[in-house]
Amino acid sequence: MTEIGFYHLTRSTPEQALPALLGRTLDTGARAVVRCASAEQVRALDAALWRSTDPVWLPHGASGGPSPGRQPIWLTAGDDVPNGATFAFLLSGVGEVAALDGFARVFDLFDGGEEAQVAAARTRWTAAKAAGFTLAYWQQQQRGWKRAR
């Protein structure tokens, strides 16, 4: 069963938090798809990943780019998964709960400073729980993440 982790951002943006999470994903040998809310968000994240210094190298491609099947990280504003990703990262609550069961892990990142995003994450949590997914809640700390029980 898919594990969905809800990542409550309290001190950074998704563009700042994702490099470390994606780096750990690649370290496990997994591939990732990052679902963005818009084409503009895809472009911004693409630029942010190329500028990443920790980790230094995050090989990735984006919708409309070359060789999508060869990319270990794929950025998209759609539902495409051309790289066979087993990990999905959802930004701003993108994606339907029912479409997540094909992934081993899902990372749902949301901005804790935006009440609308927090409320939407609570709704997604309730839907995922009702659908029988394994759930985890992670809150960003001054250094790293803390899992709430």
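The buried residues of helix α1 are Pro-14, Ala-17, Leu-18, Pro-19, Leu-21, Leu-22, Gly-23 and Thr-25. Buried here means under 20% relative accessible area, with exposed over 50% and partly exposed in between (1.4 Å probe, protein chains only). Helices (H or I, at least four residues) and strands (E, at least two) are DSSP runs, numbered from the N terminus. This is a predicted model, in which local features need pLDDT of at least 70 and side-chain atom pairs count only at pLDDT 80 or more, while totals for chains, interfaces and linings use all residues. Residues are numbered from 1 along each chain as its sequence is written, and side-chain values use heavy atoms, with hydrogens and water left out.

Helix α1 has 14 residues and reaches 20 Å from its first C-alpha to its last, close to the 20 Å expected at 1.5 Å a residue. The expected span is 1.5 Å times one less than the number of residues. After α1 comes Gly-29, whose phi is positive, near 90 degrees.

A nonpolar core is a set of buried Ala, Val, Leu, Ile, Met, Phe, Trp, Tyr and Cys residues joined through side-chain atoms within 4.5 Å. The largest one has 22 residues, of which Leu-18, Leu-22, Val-34, Leu-45, Leu-75, Phe-89 and Leu-109 touch the most other members. Two or more residues each come from β1 (3-9), α1 (14-27), β2 (32-35), α2 (39-51), β4 (73-76), β5 (87-91) and β6 (105-111). Helix α1 gives the largest share, four residues. Apart from this core lies another, of 16 residues, among them Phe-6, Val-33, Leu-100 and Ala-121.

Contact means heavy atoms within 4.5 Å. Not counting residues up to four places away in sequence, Leu-45 touches Glu-15, Leu-18, Val-34, Cys-36, Leu-75 and Leu-91. Gln-41, in helix α2, is in contact with Glu-15, Cys-36, Leu-91 and Ser-92, leaving aside its neighbours within four places in sequence. Gln-41 counts as buried because its relative accessibility is 13%.

The structure holds seven aromatic pairs. Rings of Phe, Tyr and Trp (its six-membered ring) pair if their centres lie within 6.5 Å; planes under 30 degrees apart count as stacked, over 60 as edge-to-face and the rest as tilted. Two of the pairs are tabulated here.

| Pair | Type | Centre to centre | Angle between planes |
|---|---|---|---|
| Phe-87 and Phe-107 | tilted | 5.8 Å | 45 degrees |
| Phe-89 and Phe-107 | stacked | 4.2 Å | 10 degrees |

Ring pairs link Tyr-7, Phe-87, Phe-89, Phe-107, Trp-138 and Trp-145 into a cluster.

Thr-2 lies in the segment before β1 and counts as buried because its relative accessibility is 2%. Its side chain makes polar contacts, which are pairs of N or O atoms within 3.5 Å; within protein, one must be able to donate a hydrogen and the other to accept it, and residues adjacent in sequence count only if both atoms are side-chain atoms. The side chain of Thr-2 reaches the backbone oxygen of Asp-101 at 3.3 Å, and a polar atom of that side chain lies 2.5 Å from the backbone oxygen of Phe-103.
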